Amino acid sequence: MTPPSRVVIVGGTHGNEWTGIQVVRHYQETIKKKFPKLEIEFILANPQAHELNCRYKDEDLNRAFEFLDQKRNSYEHKRAHEIKMQIQSSPCLVIDLHTTTANMGNTVIISHYNSLNLSLCEKLAQQFKDFRVIGAPDPKKKYLASQSDYGVILEIGPVANGVVAAVPLESTLQLIDCILGLLDGQNLPAQGSVEVYEEAQDIHYPKNEKGELNGYIHSEFQGKDFKVLEGEYLPFKTFNGEDLQLQTSEKFYPIFINEAAYYRSSLAFTLCRKKTLKF
Ligand SMILES: [Zn+2]
């Protein structure tokens with residue numbers, strides 16, 4: 001396997017996730033200088049949403065790629081076209097920089113299970129603490145990073161939206177540095193295995209009879225992303241003080257607990273199954 005020597009690093013796919021935006025604005029030259037053999041491009045994906053300090057202006061850019069064959073007038077639809085053209089102009093690895101308000105540590109999401117993506121993840125898992133891989137197969141190619149076969153989404157957290165914080169920023173820079181170092185040195189294992197978490201079930205917030213939010217993530221559950229659940233667990237407390245228990249039928253691992261962007265769809269967290277992928 002010869003990994004591509006072209007890399008596209010994308011920040012600000014979500015305009016209120018400031019970490020990736022600072023990487024694109026302030027670290028381009030440092031990164032390019034360190035890896036002169038690689039052809040590295042940077043994209044500030046959604047500048048208008050960043051101006052507004054919002055996740056998006058008209059629609060979520062990281063879902064807009066699914067609808068490129070439709071006629072739409074949204075700003076993100078136009079940006080998705082432009083970004084896809086740039087990514088697909090020649091083979092490349094895409095690194096799409098995101099953050100989350102959930103306690104996800106150093107998480108990487110891959111949507112294509114090929115040996116390059118998996119071998120990168122195996123190496124990162126050896127080198128980073130608090131590191132996990134979410135496997136999110138994306139047959140409709142709705143995610144920006146799926147526009148190339150070779151792509152990873154970084155989801156670093158916890159950090160509030162609209163905030164630059166040292167740990168997530170520096171972790172993001174270290175992950176980029178490690179990925180580029182592996183591509184540059186062609187230092188990737190030909191075979192191996194990676195533990196991945198695959199989404200199995202969405203859990204929504206409790207609602208009252210008017211359809212309003214009627215509870216919040218329990219203090220015992222907050223921050224417990226990727227901690228195994230089996231049988232009864234306590235994810236919610238209602239606003240009238242009641243503990244709300246739930247039950248799992250098998251071993252699950254919760255992710256994106258209390259992610260700010262998902263209140264809009266009442267999504268409180270997602271349960272994953274863990275499995276090992278060989279390559
Ligand atoms: Zn994001």
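Visitor: What's the strand order in the open sheet of 3 strands?
Guide: The order is β8-β9-β10, with antiparallel pairing. From one strand to the next, the twist averages 40°.

Visitor: Hold on. What counts as a strand, and what counts as a pair?
Guide: A strand is a DSSP run of E, at least two residues long; a helix is a run of H or I of at least four, and both are numbered from the N terminus. Two strands pair if DSSP finds at least two bridges between them. Angles run from 0 to 180 degrees between N-to-C directions, and axes are lines fitted to C-alpha atoms, for helices over the stretch in contact.

Visitor: And where do the coordinates and numbering come from?
Guide: This is a predicted model: local features need pLDDT of at least 70, side-chain atom pairs count only at pLDDT 80 or more, and totals for chains, interfaces and linings use all residues. Residues are numbered from 1 along each chain as its sequence is written.

Visitor: What does K237 pair with in β10?
Guide: Its bridge partner there is D243. β9 and β10 (residues 243-247) share 4 bridges, again antiparallel.

Visitor: Which residue has a positive phi in the hairpin of β9 and β10?
Guide: G241, with phi near 90°. The hairpin has 4 residues between its strands.

Visitor: New topic. What order do the strands take in the sheet of 9?
Guide: The order is β2-β1-β3-β6-β4-β5-β7-β12-β11, in an open sheet with mixed pairing. β2 (39-44) and β11 are the edge strands, each pairing on one side only. The twist averages 30° from one strand to the next.

Visitor: Parallel or antiparallel for β7 and β12?
Guide: Antiparallel, with 11 bridges between β7 (residues 193-204) and β12 (residues 267-278). E195 stands opposite T276 of β12.

Visitor: How many bridges join β11 to β12?
Guide: 3, with β11 (residues 253-255) running antiparallel to β12. Y253 has C272 of β12 as its bridge partner.

Visitor: And β3 with β6, parallel or antiparallel?
Guide: Parallel: 7 bridges link β3 (residues 93-99) and β6 (residues 150-157). H98 stands opposite E155 in β6. α7 packs on this sheet, touching β1 (6-11), β3, β4 (105-110) and β6, and its direction makes about 160° with that of β6. Contact here means C-beta atoms, placed from the backbone, within 7 Å.

Visitor: Where does α1 sit relative to α7?
Guide: The axes of α1 (residues 18-26) and α7 (residues 166-184) come within 9 Å, crossing at roughly 55°. That makes the two oblique. The contact uses T19, G20, Q22 and V23 of α1, plus P168, L169, T172 and L173 of α7.

Visitor: What are the cut-offs for oblique, and the classes?
Guide: Under 35 degrees is roughly parallel, over 145 roughly antiparallel, 65 to 115 roughly perpendicular, and the rest oblique. Ala, Val, Leu, Ile, Met, Phe, Trp, Tyr, Cys and Pro are nonpolar; Asp, Glu, Lys and Arg are charged; the others, Gly among them, are polar.

Visitor: What angle does α6 make with α7?
Guide: About 130°, with the axes of α6 (residues 115-127) and α7 10 Å apart. The two are therefore oblique to each other. L120, K123, L124 and Q127 of α6 meet L175, C178, I179 and L182 of α7. That contact has 6 nonpolar, 1 polar and 1 charged residue.

Visitor: Last one. Which domains does the assignment give?
Guide: Domain 1 (6-190) and domain 2 (196-278), with bounds from an automatic or database domain assignment. Their centres, over C-alpha atoms, are 25 Å apart. 14 residues of domain 1 contact 15 of domain 2. On the domain 1 side, β5 (residues 131-135) gives the largest share, 4 residues. That side divides into 7 nonpolar, 5 polar and 2 charged.

Technical notes: Two residues are in contact if their C-beta atoms, placed from the backbone, lie within 7 Å.
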